[in-house]
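This report describes the chain folds and the contact between chains in the model shown below. Each section takes up one topic.

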Amino acid sequence: MSADDRNPFSPPLPPEQARAIPWITVMLASALTVLPVIAEVPLLPPPGLLMLLAWRLLARFALRPWAAAPLGFWDDLLSGQPLGSAVLLWSLCFLAIELLETRMVYRDFWQEWLVAAVAIALCLLAGRLIALPRAIPDWPLLAAQIATSVLAFPVAVRAAAWIDRKRGPLA
Amino acid sequence: MAPVRDRRTGFSRRRQYGVFLGYVLAVAGAVVGAALLVASAFDPPLFAGLRMTAAATTAPVSTLLANATRSVADVPGAVGDWFAVHARNRQLAEQLRHQHQLLTRARGLSYENRRLRALLDLRERAAQPVVAARLVSSTAASGRRFALLNAGRFSGVAVGMPVRGPVGLIGRVVETGPNAARILLLVDPESIVPVRRTRDGVPAIAAGRGDGSIDIRSVYTTNVRFGAGDLFVTSGTGGLYPPGVPVARVLRGGRDTVQARPFAVPDTLDFALVERPFMPMPAEPGR
């Protein structure tokens, strides 16, 4: 990890703070729904999920394997999905990525983007089916939301990478 | 990226157990999530308290942000008004002249209406407003279409109350917190409103589609023809929504089920009026 951005003479962050930063960023991303916009159409990428995947794929040890469940609980409280939907889906994402990582040894950003794209698509589809089990999903709309979310993933990775560089090496 | 070898735990028992426990907890998290999901599927209002506690903290933030955006959004309008005031004045004077005769006729009709109603001895139930508030945020990433209202139990808002905007119906209250309430918008796929056509009173059902529009479904079994531009208002059936509130306009004509566009486009700029249910709620059995 490059720690170039951080002043080498400043003392490293205490481990508690350094560990709390990824949690705080994911929770803040989930809280983006407080922005005063009344959306008639669900097109917003799920910001919490994007941030979570970015942290998980970019800096594997930033979040513990079990962090997905509590973070998903927070997201469920704010997102309007039935409670438990993000708890389940985000935990499954973490476990799937864990399994993938035992297979894939060499990785680059394109692979991570692909992994994230599949995870995002499945999460959005499953989330829609969980939220509205009786309605047939509006496929074009869902495809549009998945597309915007996949395209927004590099932005989340950028944000996570910037924060990760700023926070420096773990003490 | 080079392969990372830091997956190994080495010989430290403590670290091995720690990693193992982490995975156990991760699986447990997924199981807990599934359990929560089943619980909320069988009893949707079960976690309303938790959600509305979170909303109680986010609603004031959203209100502040909405006020800020509103004051910024007002600036171009104010500048435009300043320059266009003369043209606007002329236009309004002309409009007033045009509408004078319409007003005279309407006064006559209104008087006649009152007289006929008195003759019929009709008793009118007036809509009773509870509070005027604003919608401040919404579930933009979820398939459900909920909005958050910045007034709650402290202002007298209760579950089941209809919410209307200046131009039409917005939805109804589904969960309440102390200072916030969750509104099920008309366009939510689970929202159903009984409506009738303004022209001839043909009853229909307005069901949300989830993509910003509404399905108008005919109630009759015989095929009913809907024309483009047909207007639908609430019928008052069921006793929740007051009758006569504008709901939607049909986009394309068709039979039995047609797509319609709701009148009220909910945004943070306009007021939302919470009203009492049109008929008082029946007491729950066993209470």
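## Basis and composition of chain B

Chain B contains two helices and 14 strands, where helices (H or I, at least four residues) and strands (E, at least two) are DSSP runs numbered from the N terminus. The model is predicted: local features require pLDDT of at least 70 and side-chain atom pairs count only at pLDDT 80 or more, whereas totals for chains, interfaces and linings use all residues. Residues are numbered from 1 along each chain as its sequence is written, with chains lettered from A and ligands numbered from 1 in the order in which they are written.

## Dimensions and domains

Along the principal axes, the C-alpha atoms of chain B occupy a box of roughly 95 × 60 × 40 Å.

Two domains are assigned in chain B, domain 1 (93-122) and domain 2 (129-278), with bounds from an automatic or database domain assignment. Their C-alpha centres are 29 Å apart.

## Burial and contacts

Of the 287 residues of chain B, 32% are buried. A residue is buried if 20 or more other C-beta atoms lie within 10 Å of its own, exposed if 12 or fewer, and partly exposed in between, with C-beta atoms placed from the backbone. Among contacts in chain B between residues at least 6 apart in sequence, 59% join residues at least 24 apart; a contact requires such C-beta atoms to lie within 7 Å.

B:Arg15 lies in helix α1 (residues 13-42) of chain B. B:Arg15 counts as exposed because 12 other C-beta atoms lie within 10 Å. Leaving aside residues up to four places away in sequence, B:Arg15 touches B:Thr9 and B:Gly10.

## Strand pairing

Strand β1 (residues 129-138) of chain B pairs with strand β14 (residues 271-275) of chain B in the antiparallel sense over five bridges; pairing requires that DSSP finds at least two bridges between two strands. Here B:Val131 stands opposite B:Val274 in β14(B).

β1(B) also pairs with strand β2 (residues 146-149) of chain B, in the antiparallel sense over three bridges. The bridge partner of B:Leu135 in β2(B) is B:Leu149.

Definitions and conventions: Contact = placed C-beta atoms within 7 Å.
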